[in-house]
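Here are my notes, point by point. Keep the structure open while you read, and look up each residue as it comes.

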Amino acid sequence: MRIDVFSIFPEYLAALDLSLIGKARQDGLLDVRVKDLREFTTDRHRTVDDTPYGGGAGMVMKPEPWAQALATALDPAPEGPARPTLIVPSPAGEVFTQKTAYELAGAGHLVFACGRYEGIDERVLEWAGEHFTVRPMSLGDYVLNGGEVAVLAMVEAIGRLVPGVVGNPESLVEESHSDGLLEYPVYTKPSQWRERPIPEVLLSGNHAKIARFRRDEQLRRTSERRPDLIAKLDPSTLDKADKAT
Ligand SMILES: O=C(OCc1ccccc1)c1cn[nH]c1
């Protein structure tokens with residue numbers, strides 16, 4: 001998978017050189033290219049923003065540098081990979097979930113445009129629609145100063161699902177949100193820690209009982225912390241809960 005990221009703070013994306021994603025890049029599983037949007041300006045001050053039409057506080061990102069930048073992410077070869085997906089982090093986007101991460105992990109080419117200020121001139125997204133599948137994407141209902149932090153989160157969530165990136169794919173199977181429920185609590189040695197024991201059943205060696213305990217904990221936690229997810233559950237998930245006896 002090829003990933004292009006454009007930002008006026010490319011150093012923000014240095015974290016993508018580390019750990020799992022960094023290793024995947026070395027292994028050639030992910031081809032991540034971070035570029036500075038200012039390289040695509042033409043004036044002496046390398047200007048990327050200007051005042052908003054219609055007035056209002058703040059600045060808007062100029063369209064031309066973005067069009068010049070994004071054009072470099074388009075493969076010249078017509079037979080290049082399928083139409084790239086352009087992800088634009090924004091409070092006004094669709095909400096990014098684990099489902100979105102799985103979907104995007106299958107894409108051949110992702111391009112991320114990190115907005116700053118009050119956002120990017122809307123005509124850039126219109127123009128981009130001719131060459132990319134354009135998806136404004138929100139991490140949640142809060143406002144960041146720019147898209148970089150959102151891109152770090154999305155690249156990690158997507159990258160770890162790309163086959164070969166995570167050593168043991170087993171660890172991807174049982175994790176929060178993979179079956180619509182939150183994950184069960186985990187424990188490790190010592191079994192008694194500061195007068196606090198672990199749930200006895202986990203020492204029983206009875207795998208059916210352990211599975212039951214874990215399923216019950218998933219359901220309990222989800223109903224306590226995320227009742228909104230309970231409403232969305234696939235009925236078969238609840239059946240599975242009963243089967244894990
Ligand atoms: O703030 C966000 O994106 C950065 C951004 C983009 C455009 C203008 C201002 C800020 C964001 C919030 N939830 N998900 C993303």
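1. Is arginine 194 buried or exposed? Arginine 194 is exposed, with a relative accessible area of 66% (buried means under 20% relative accessible area, exposed over 50%, and partly exposed in between, with a 1.4 Å probe and protein chains only). You'll find arginine 194 in the loop between S8 and strand S9 (196-197). Its phi is near 50°, a positive value in a residue other than glycine.

2. A word on what you're looking at. This is a predicted model, where local features need pLDDT of at least 70 and side-chain atom pairs count only at pLDDT 80 or more, while totals for chains, interfaces and linings use all residues. Residues are numbered from 1 along each chain as its sequence is written, and side-chain values use heavy atoms, with hydrogens and water left out.

3. Five strands make an open sheet, in the order S2-S1-S6-S5-S7, with parallel pairing (two strands pair if DSSP finds at least two bridges between them). Strand S2 (31-36) and strand S7 (133-138) are at the edges with a single partner strand each, so one side of each has no neighbour in the sheet. From one strand to the next, the twist averages 25° (axes are lines fitted to C-alpha atoms, for helices over the stretch in contact, and angles run from 0 to 180 degrees between N-to-C directions).

4. Let's walk through some pairings. S1 and S6 are joined in the parallel sense over five bridges, and arginine 2 has histidine 109 in S6 as its bridge partner. S5 and S6 pair, also in the parallel sense, over three bridges; here leucine 86 stands opposite valine 111 in S6. Strand S5 (residues 85-95) and S7 have seven parallel bridges, and isoleucine 87 has arginine 135 in S7 as its bridge partner.

5. Why is S6 largely enclosed by the rest of the structure? Five of the five residues of S6 are buried, so that's how the strand ends up enclosed. His109, Val111 and Ala113 point one way from S6, Leu110 and Phe112 point the other way, and all are buried.

6. Which helix packs on the sheet, touching S1, S5, S6 and S7? That's helix H5 (residues 148-159), whose direction makes about 160° with that of S6. Contact, by the way, means heavy atoms within 4.5 Å.

7. On to the inside. In soluble globular proteins, nonpolar side chains tend to be buried together. The largest nonpolar core here has 31 residues, and those with the most contacts inside it are Ile3, Leu30, Phe96, Leu110, Phe112, Met154 and Ile158 (such a core is a set of buried Ala, Val, Leu, Ile, Met, Phe, Trp, Tyr and Cys residues joined through side-chain atoms within 4.5 Å). H5 gives the most to this core, with seven residues. Apart from it lies another core, of 19 residues, among them Leu37, Ile120, Leu125 and Phe132.

8. Zoom in on leucine 30. Not counting residues up to four places away in sequence, leucine 30 touches Met1, Ile21, Ala24, Arg25, Gly159, Val162 and Val165.

9. Check out the ligand too. It is surrounded by 14 residues, the closest being Leu139, Gly140, Tyr142, Leu144 and Gly146 (a residue is near a molecule if one of its heavy atoms lies within 4 Å of it). A polar backbone atom of leucine 139 is 2.8 Å from a nitrogen atom of the ligand. For glycine 140, a backbone N or O atom lies 3.2 Å from a ligand nitrogen, and for tyrosine 142 the distance is 3.4 Å.

10. Some loop details to finish. Threonine 41, in the loop between S2 and strand S3 (49-50), counts as buried at 14% relative accessibility. A polar atom of its side chain lies 2.7 Å from the backbone oxygen of arginine 38. Tyrosine 117 has a phi near 55°, a positive value in a residue other than glycine, and counts as partly exposed at 35% relative accessibility. Last one: the peptide bond from lysine 189 to proline 190 is cis, with omega near 0°.

Conventions: Helices (H or I, at least four residues) and strands (E, at least two) are DSSP runs, numbered from the N terminus. A polar contact is a pair of N or O atoms within 3.5 Å; within protein, one must be able to donate a hydrogen and the other to accept it, and residues adjacent in sequence count only if both atoms are side-chain atoms.
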